[in-house]
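Hi,

Here is the structure I promised to pass on. Have a look at it first, and then read my notes below.

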Amino acid sequence: MSLNKPMSFTNATLTSNINIDDVTHFLLELDALKRINRRSYVTQTTRHENSAEHSWHLAMACWSIAELFELDVNHESVLKMALVHDLGEIDAGDTFLYANTRRDAHVEERAGIARLQRERGNGIRDLSEVWEAQETGRSKEAQLLRVVDRLLPFLLNLNTNGKTWIELGVTRTQVAGAHAFIKNSFPAIHDWLSKNIEYATQQGWLIDE
């Protein structure tokens with residue numbers, strides 16, 4: 001077969017019961033994640049990161065780390081988990097890591113995922129299942145996702161001179177506590193975090209308590 005021959009999707013299952021208007025409706029529902037702002041600042045800018053950007057960064061970071069450390073994880077599962085990780089925020093909004101309401105955030109997010117699962121044009125049959133796997137699962141893939149999900153905002157804070165930490169009065173104890181679980185699941189990353197928590201405290205970016 002000629003490499004220059006264009007690929008054709010004429011045999012795809014686009015039958016009369018699949019409406020392209022429905023397909024594009026769901027794509028716009030997903031687009032709404034771009035409107036959800038997080039608290040971390042994008043490096044070398046004055047704007048906040050949005051949740052869609054974070055999801056992309058999370059997927060790429062998990063992929064890279066899994067390859068680099070030759071981790072025994074299912075890459076497809078990790079990437080799917082990363083991509084759905086914050087979808088519930090379309091309805092629930094982003095909850096800051098150190099907010100008092102953090103422990104209840106999953107309730108509204110789960111409801112948001114259930115709504116997306118029911119939306120017309122959704123071709124992802126296991127959307128809710130994948131979301132639950134990353135939210136409550138104990139698999140190696142879910143553990144990796146949780147580690148990297150904590151690493152990335154820390155990295156952004158570290159490279160924006162602690163801007164979010166300073167604005168919201170975050171303490172050294174809060175940050176250390178939120179990342180403590182990483183000591184057992186990924187010691188190399190935890191050691192790096194611990195060293196840089198000390199550095200951020202010395203710089204005055206974290207309140208020393």
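Start with Lys163 and Tyr41: the charged end of Lys163 sits over the ring of Tyr41, 4.9 Å from the ring centre. (A charge counts as sitting over a ring if NZ of Lys or CZ of Arg is within 6 Å of the ring centre and within 35 degrees of the ring normal.)

Before you go further, a word on what this is: a predicted model, where local features need pLDDT of at least 70 and side-chain atom pairs count only at pLDDT 80 or more, while totals for chains, interfaces and linings use all residues. Residues are numbered from 1 along each chain as its sequence is written, and side-chain values use heavy atoms, with hydrogens and water left out.

Now the aromatic rings. A pair of them is described by the distance of the centres and the angle of the planes. There are five aromatic pairs in the whole structure (ring centres of Phe, Tyr and Trp, the latter by its six-membered ring, within 6.5 Å; planes under 30 degrees apart are stacked, over 60 edge-to-face, the rest tilted). One of them is Phe69 with Phe186, an edge-to-face pair at 5.1 Å between centres and 85 degrees between planes. Phe69 is in the loop between α2 and α3 and Phe186 in the loop between α10 (182–185) and α11, so this pair ties together parts 117 residues apart in sequence. (Helices, H or I with at least four residues, and strands, E with at least two, are DSSP runs numbered from the N terminus.) Phe186 is buried, at 10% relative accessible area, and Phe69 is partly exposed, at 41%. The cut-offs there: buried is under 20%, exposed over 50%, partly exposed in between, with a 1.4 Å probe and protein chains only. Phe154, Trp165 and Trp192 form one aromatic cluster.

Trp165 also turns up in the largest nonpolar core, which has 45 residues; Trp165, Leu87, Leu144, Val148, Val175 and Ile189 touch the most other members. Which helix gives the most to this core? That is α7, with nine residues. (A nonpolar core is a set of buried Ala, Val, Leu, Ile, Met, Phe, Trp, Tyr and Cys residues joined through side-chain atoms within 4.5 Å.) Leaving out residues up to four places away in sequence, Ile189 touches Ile65, Val147, Leu151 and Ile182.

On to the charges. Side chains of opposite charge can pair when their charged atoms come close. The structure has 16 salt bridges (a side-chain nitrogen of Lys or Arg within 4 Å of a carboxyl oxygen of Asp or Glu). Asp94 bridges to Arg38, with the closest N and O atoms 3.9 Å apart. This links the loop between α4 (89–92) and α5 to strand β1, 56 residues apart. Both of these residues, Asp94 and Arg38, are buried. Asp94 also meets Arg39 in a salt bridge at 3.1 Å, N to O. Arg39 is in strand β1 as well, so this pair ties together parts 55 residues apart in sequence.

Strand β1 (residues 37–41) also holds Ser40. Is Ser40 buried or exposed? Buried, because its relative accessible area is 5%. Apart from neighbours within four places in sequence, the contacts of Ser40 (heavy atoms within 4.5 Å) include Arg47, His48, Pro153 and Thr164.

Best wishes
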